[in-house]
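Try each task before reading the solution.

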Amino acid sequence: MSQRNVEIERGLKMTVSCVNLKDNRDRLAHPADRTSEKVKYCIDNDCIVIGWAEEGGSADWSAFCKSGMLRYPKGSKEHCGFACAVNALGGMEKGDLVWVVIPYSDERRLYRIKGDPETDIVQDKIDIGAYRKCELLGTYNKADLEECLQKLSARHTAERVLNKKRLNAITTLCKETKK
């Protein structure tokens, strides 16, 4: 279990992650940028996703992880990215918060993780390999947020938010939603 770094209510601790929904696949192999389709899918289905989709999908989370480690062995160009994304998505727990910057827009979303990692959707065309169902807590315009949140984005597919000022700002938003 990862260390919980935010306390929303007395005794209720969770982590906060920031997720990047961009289609970052190799443009030689996948010339079309499918970011807008991936984002639409996530918004329509209240989920966050990682890529590394396999044609036909995977039977379950464990099979997805094993298959990816075989496809992207240590030393390969994609190994680190795949391993980091799997660790991030798998390390989130029910109740954790996720900050999502909607690419190419000023929209920001705050979600709460509801489910375990799943792989039962086949969305290899828009590079969705695994996902977690979420509850939408709020949608925000970048200009209306504190400066520390205006600049918050993930360099990788998903990463923990550790900056105290950002954690406090997200905690405040979460408390304001009263969910």
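**Exercise 1: a loop residue**

Task: Which residues does Ala154 touch, not counting residues up to four places away in sequence? Then work out where Ala154 is found and whether it counts as buried or exposed.

Solution: 
- Start with the contacts. Leaving out residues up to four places away in sequence, Ala154 touches Cys18, Val19, Asn20 and Glu159.
- Now place Ala154: it is in the loop between α4 (147-150) and β8 (158-160).
- Finish with accessibility. Buried means under 20% relative accessible area, and Ala154 has 12%, so Ala154 counts as buried.

Keep in mind that this is a predicted model.

**Exercise 2: a lysine in a helix**

Task: Find the helix that holds Lys38, decide whether Lys38 is buried or exposed, and list the residues Lys38 touches beyond four places in sequence.

Solution: 
- Lys38 is in helix α1, which covers residues 35-45.
- Its relative accessibility is 4%, so Lys38 counts as buried.
- Now for the neighbours: with residues up to four places away left out, Lys38 touches Leu21, Lys22, Asp23, Val49, Gly51, Ile126, Asp127 and Ile128.

**Exercise 3: ring pairs**

Task: How many aromatic pairs are there, with ring centres within 6.5 Å? Describe the geometry of Tyr72 with Phe82 and of Trp99 with Tyr140.

Solution: 
- The count comes to 5 aromatic pairs.
- Tyr72 and Phe82 sit 5.5 Å apart, centre to centre, with 45° between the planes, and this pair is tilted. The angle falls in the tilted class because under 30 degrees would be stacked and over 60 edge-to-face.
- That pair links distant parts of the chain: Tyr72 is in the loop between α2 (61-71) and α3 (79-91), while Phe82 is in helix α3, 10 residues apart.
- Check burial for each partner. Tyr72 has 13% relative accessibility, so Tyr72 counts as buried; Phe82 is buried too, with a relative accessible area of 1%.
- Next, Trp99 and Tyr140: this pair is stacked, at 5.9 Å centre to centre with 20° between the planes.
- Here too distant parts of the chain are linked, with Trp99 in strand β5 (residues 97-101) and Tyr140 in strand β7 (residues 130-141), 41 residues apart. Both Trp99 and Tyr140 are buried.
- One last thing to spot: ring pairs join Trp52, Trp61, Phe64, Tyr72 and Phe82 into a cluster.

Definitions and conventions:
Residues are numbered from 1 along each chain as its sequence is written. This is a predicted model: local features need pLDDT of at least 70, side-chain atom pairs count only at pLDDT 80 or more; totals for chains, interfaces and linings use all residues. Side-chain values use heavy atoms; hydrogens and water are left out. Helices (H or I, at least four residues) and strands (E, at least two) are DSSP runs, numbered from the N terminus. Buried means under 20% relative accessible area, exposed over 50%, partly exposed in between (1.4 Å probe, protein chains only). Contact means heavy atoms within 4.5 Å. Rings of Phe, Tyr and Trp (its six-membered ring) pair if their centres lie within 6.5 Å; planes under 30 degrees apart count as stacked, over 60 as edge-to-face and the rest as tilted.
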